[in-house]
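Thanks for making time this morning.

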Amino acid sequence: MQPIIEIAKLSKIYKDAETYALNDFSLSIYEGQIFGLLGPNGAGKTTLISMLCGLIKPTSGNFTIDGFTYAQNATHIKEIIGVVPQEYALYPTMTARENLMYFGSMYGLKGKDLKQKVIENLEFLGLTKFADKRTETFSGGMKRRVNLIAGIMHKPKVLFLDEPTVGVDVHSRNVIIEYLKELNTNGTTIIYTSHHLSEAQDFCTDIAIVDRGILYAHATPSELIVNTKNARNLEDVFIELTGKELRDVL
Amino acid sequence: MFYKLLMSVNKEFLLLRRDLGGVIILFIMPLILIFVVTLIQDSTFKSVNNSKIPILLVNKDNGTVSDEVYKNLDSSEVFTVISKIDGQPLTEDVAREAVFKGKYQLAIVIPENLSSDLQAKIDQNVNKIMTSLGMGDSVVTTPKVIHQKEVRLYFDPAVQISFKNAVTSSMDKMISQIETKSIYAAFKEQLGDTDTGFDQKSFLTFKEMMPKVGNREIKPNSVQHNVPAWTLFAIFFIVIPLSINIVKEKNQGTFIRLRTNPTSNVILMAGKTITYLIICMIQFYMMVASAVFLFPRLGLPALNVEGNMILMSTVALFSGFAAIGFGILLGTVAKTQEQSAPFGATSAIILAAIGGVWVPVFAMPEMMQAIAKSSPMNWGLNAFYDVLLRNGTIVSILPEICLLFLFFLINITSALLYDKKKRSV
């Protein structure tokens, strides 16, 4: 099977930095996977996702998405990817509906189709009665759900999620995870970063553990647990591979 | 593509509508600005409220010349002459102190014996001429030495050079007139005080010729000057909210979304340009409407826009383009609102200053005149003056509006290139 994302020897060193944020990183992600990128703070997860989304340029190496590089066909890549950033990527003074109508239209949706998609998604994520309220008045969990809808309304082939459940309550998290699973069932490949290791263990089909810009391990959650000595869960694997040292990054 | 553009414009308007304070600032502040500045500038030339500038006159002469000076100053519409403070006649020391401390803006000191010495000097000169013509006294006397007299002017150090220049030039003219009058009187006396047929009226006069539309003269007034100037200034202040809007977007996650979706940055910029152009035009029409309908109620002349609205709108539109281009570039380059807002405000003021909004370009030093030609506000101002004061046509404003649009294109292209450089792929 042809991978939907093929990363080959990708490296990134930021200006004035002493070490690589990502170093000689290679990985293949296949269609239909829910791929978890796990690692401590400063491991290089967000750098990798930012490069794959076209937000920052690699220092060396390359990657393809759906067989294309950004230089070859940036428009195609941008049409088939969806991005849900860690920040609330919403206009606070606009309502949930206005935000979604706007971002949906930027992905080429329009007219009745756009309106319908906004209504359906708001309903699915339990936000219908708040559709016409400004997002600045929303709780963290509500903002996360609107943030998610804005990235998936156009039914992307590949969805990048940077910590989509950070700072939300259990109920919102469950709704979000269920929604993502349904998306995946309908054919969306998901690339996801998180610090919730138990969530990742349940949610992901494949996991890569990254630290200091290097790929430490890549397998299914159960394979990772089985192959790590004395590991009972993904957290044990994570600690075993990345150590107990605190990771404070600037 | 059109739908994306439409949605971008809609989004910009939604953001503006939800920021009521910002909207008020955008529309009300320029109106306040134009009212205040026009009222102030108009009263500089004309006493709208009959308010005159009080000046001190120290009269050491107490003769015909000082009486004449007093009469001329007091009858002017500009000054109120004060020659006593607390019932005491003014001395030079008291006047100097009062002026240098800023209590008064001007003191005029008429020297002692000015009238008698002037008369004596003129008599001597006239006598000499008459003698050389064989018509003077046959008795030769040694002329008395009369020293030159000095009328002293004390100015408050804070007054502007233009005020100083205007006063000194008026004083010079007044003294020359008094001298001439005295010379004529001396000749008249020497010739026997009969009807000499001297015509004392000035032979040379001047008349200001105005541009005409048909048979009607276009008379410039402070409103015709101020409204275009301050309208342009207000239009350029759009740089601040626009650049803040872009910086905010960059610092919010929304920018990540906008960068990762398949919409060209050109569409996003076009959305902002259209929205803010509409705002510029609303600002412009509000200011013009105020100048036409509200100014007369405040005792100011009404702005005459008869037959000029289309050309004026064209100039406003292209000035809006220039301001928006600059705002987009600033917003793209600035990293924080703390960078963009003060820079935007300061640069609007600098562009206004070098563009001739405050001081006419012709009155600037040569180097500044050259710099002024590079200010978009100067191009806009010239185009407005062409339309309002020089009876210009579309052909006469074409160079200026082309420059304004070129300025917009250069700024937008620079912003797009900068953004592309910052974007990775």
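Chain B averages a pLDDT of 83, and 88% of its residues score at least 70. Please keep in mind throughout that this is a predicted model, and that confidence within chain B is lowest in strand 8, residues 216–217, at a mean of 63, and highest in helix 11 of chain B, at 94. For chain A, the mean pLDDT is 86, with 96% of the residues reaching 70 or more. Among the elements of chain A, helix 9, residues 234–242, has the lowest mean, 75, whereas helix 3, residues 96–106, has the highest, 93. For the complex, the predictor gives an ipTM of 0.82 and a pTM of 0.76.

Let me turn to the layout of chain B. It is divided into domain 1, which is made of 7–45 together with 216–422, and domain 2, which covers 53–190. Taken over C-alpha atoms, the centres of domain 1 and domain 2 of chain B are separated by 50 Å.

How do helix 11 and helix 12 of chain B cross? Their axes come within 9 Å at an angle of roughly 150 degrees, and since angles over 145 count that way, helix 11 of chain B is roughly antiparallel to helix 12 of chain B. The crossing of these two helices is right-handed. On the side of helix 11 of chain B, B:Gly327, B:Leu330 and B:Gly331 meet B:Ser340, B:Phe343 and B:Gly344 of helix 12 of chain B. By class, the residues of that contact divide into two nonpolar, four polar and no charged.

Helix 11 of chain B also packs on helix 14 of chain B, with axes that come within 9 Å and cross at roughly 175 degrees, and that angle makes helix 11 of chain B roughly antiparallel to helix 14 of chain B. Helix 11 of chain B contributes B:Leu311, B:Met312, B:Val315, B:Ser319 and B:Ala322, while helix 14 of chain B contributes B:Pro376, B:Gly380, B:Ala383, B:Phe384 and B:Val387. Here the residues of the contact divide into eight nonpolar, two polar and no charged.

The remaining pair in this group is helix 12, residues 337–355, with helix 14, residues 376–388, both of chain B, which pack at an angle of about 50 degrees with their axes 7 Å apart. Helix 12 and helix 14 of chain B are therefore oblique to each other, and helix 12 of chain B passes helix 14 of chain B in a right-handed crossing. B:Leu351, B:Ala352 and B:Gly355 of helix 12 of chain B meet B:Pro376, B:Met377, B:Asn378 and B:Leu381 of helix 14 of chain B, a contact with five nonpolar, two polar and no charged residues.

Finally, the interface between the chains. How many residues does each chain give to the contact? Chain B gives 20 residues and chain A gives 29. On the side of chain B, the elements that give two or more residues are helix 1, 2–17, and helix 9, 254–260, and the largest share, six residues, comes from helix 1 of chain B. By class, the side of chain B that touches chain A has seven nonpolar, seven polar and six charged residues.

Terms used
Residues numbered from 1 in each chain as written. Chains lettered and ligands numbered in written order. Predicted model: local features only at pLDDT ≥ 70, side-chain atom pairs only at ≥ 80, totals over all residues. Axes fitted to C-alpha atoms, helices over the stretch in contact; angles between N-to-C directions. Helix = DSSP H or I, 4+ residues; strand = E, 2+ residues; numbered from the N terminus. Parallel < 35°, antiparallel > 145°, perpendicular 65-115°, else oblique. Left-handed = near helix turned anticlockwise from the far one by under 90°. Contact = placed C-beta atoms within 7 Å. Nonpolar A, V, L, I, M, F, W, Y, C, P; charged D, E, K, R; others polar. Domains from an automatic or database assignment. pLDDT = per-residue confidence, 0-100.
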